[in-house]
Amino acid sequence: MKAVVCRQYGGPEMAALEDVASPAVAQGQVRIRVEACSASFASLLVMEGKHQNRAPLPLTPGTEVAGYVLEVGPGVTRFKAGDRVIAGVQSGGYAQEVVAPEQTVFDLPDGIDFDTGAQFPTIYATAYGALQWRANVQPGELVLVHGAAGGSGLAAVEVAKALGGRVIATVGSDDKARIVRQHGADMAINYRNADWQATVLAATDRRGADVIYDPVGGETFDKSLRCIAPDGRIIPMGFAGGTIPTVPANIVLVKNISVIGVYWGYYFGWGKQPVRPGNDERLRKAYRALFQWTLEGKLRPRVHAALPLAEFRTALQMIASREAIGRVVMHPQA
């Protein structure tokens, strides 16, 4: 089969599309024919050896896939050959086939195509876990989403709206502002020609946002602490801006706010601590909710571009350059 292989850490230019053996399926595992996989900023970090889950070399990046079940290992009870599924994997997604543990494989409804499905294993699921489970967004609350035109941000805009929230989105161009409004944002601020902090405060009578979803970090996080409402929740989702911020404890104290961490990989069993009992059904309930919202038209995952896997460098460059609005997906079978 074909797979993207990194034999040393570095950028996409250090990887190559190679012929490799199909992965063997073991106890409790599912082998999947990958019809679509998502390019992501996390994959860039993995390839550079900078991700918190540093994968050993040689490695195949990619954490989100959608496709058909080819084979199941002993002990698998939920799936059979031919089932349409999505799966989250720690690595190995940029390939024609991948093996995943049964607990991170989920049914994909017939009404949802593979390009759409490949956006759910971590990106939409993280937005759901952050905004529903952890921040407990209530109808009418104001959610400020940074980097709202990227894959993570656009998912957060849509999930926040599905939960009944009002959304202010920050983006880097007028075209991105137009698109995030199409996906539900009540207000979009182009931070290149407006002071987003002042705009948020003015729009809320200086109260600030109830929930802030921040995949950018750095100065964006620092400024967010100064436009968050009392009893607000701020979620540092990532550090695409390149700087990991620190949190002044005095601001947390005097503003009565919560700083909430969300690592979706924990729920997939990728963390250092075991997941709690009942985690499996909780996960499956979350994906059922996300897919129901999608079938109802509340979620409309956007595909910026769909490319053959052989063009993985182009796909990842779209992510690195911040060109992509929504997700870039790749087709390993093309």
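**Entry 1: cysteines**

I began with cysteine 37: its sulfur is 13 Å from the closest cysteine sulfur, in cysteine 6, which is too far for a bond. A disulfide is a pair of cysteine sulfur atoms within 2.5 Å. I searched the whole structure and found zero disulfides. I also looked up accessibility, where buried means under 20% relative accessible area, exposed over 50%, and partly exposed in between (1.4 Å probe, protein chains only). Cysteine 37 is buried at 0%, and cysteine 6 is buried at 1%.

**Entry 2: ground rules**

I noted that this is a predicted model, where local features need pLDDT of at least 70, side-chain atom pairs count only at pLDDT 80 or more, and totals for chains, interfaces and linings use all residues. Residues are numbered from 1 along each chain as its sequence is written, and side-chain values use heavy atoms, with hydrogens and water left out.

**Entry 3: strand β9**

Helices (H or I, at least four residues) and strands (E, at least two) are DSSP runs, numbered from the N terminus. I picked β9 (residues 166-171): five of its six residues are buried, so the rest of the structure largely encloses this strand. Two strands pair if DSSP finds at least two bridges between them. I found β9 parallel to β8 (residues 142-145), with four bridges, and leucine 144 opposite isoleucine 168. From β8 the chain reaches β9 through helix α4 (residues 151-162) in a right-handed β-α-β crossover. Right-handed means that, with the strands pointing away from the viewer, the path from the first strand over the helix to the second runs clockwise.

**Entry 4: on to β10**

Four bridges also pair β9 with β10 (residues 187-190), again parallel. Here isoleucine 168 has methionine 187 as its bridge partner. Helix α5 (residues 174-182) carries the chain from β9 to β10, and this β-α-β crossover is right-handed.
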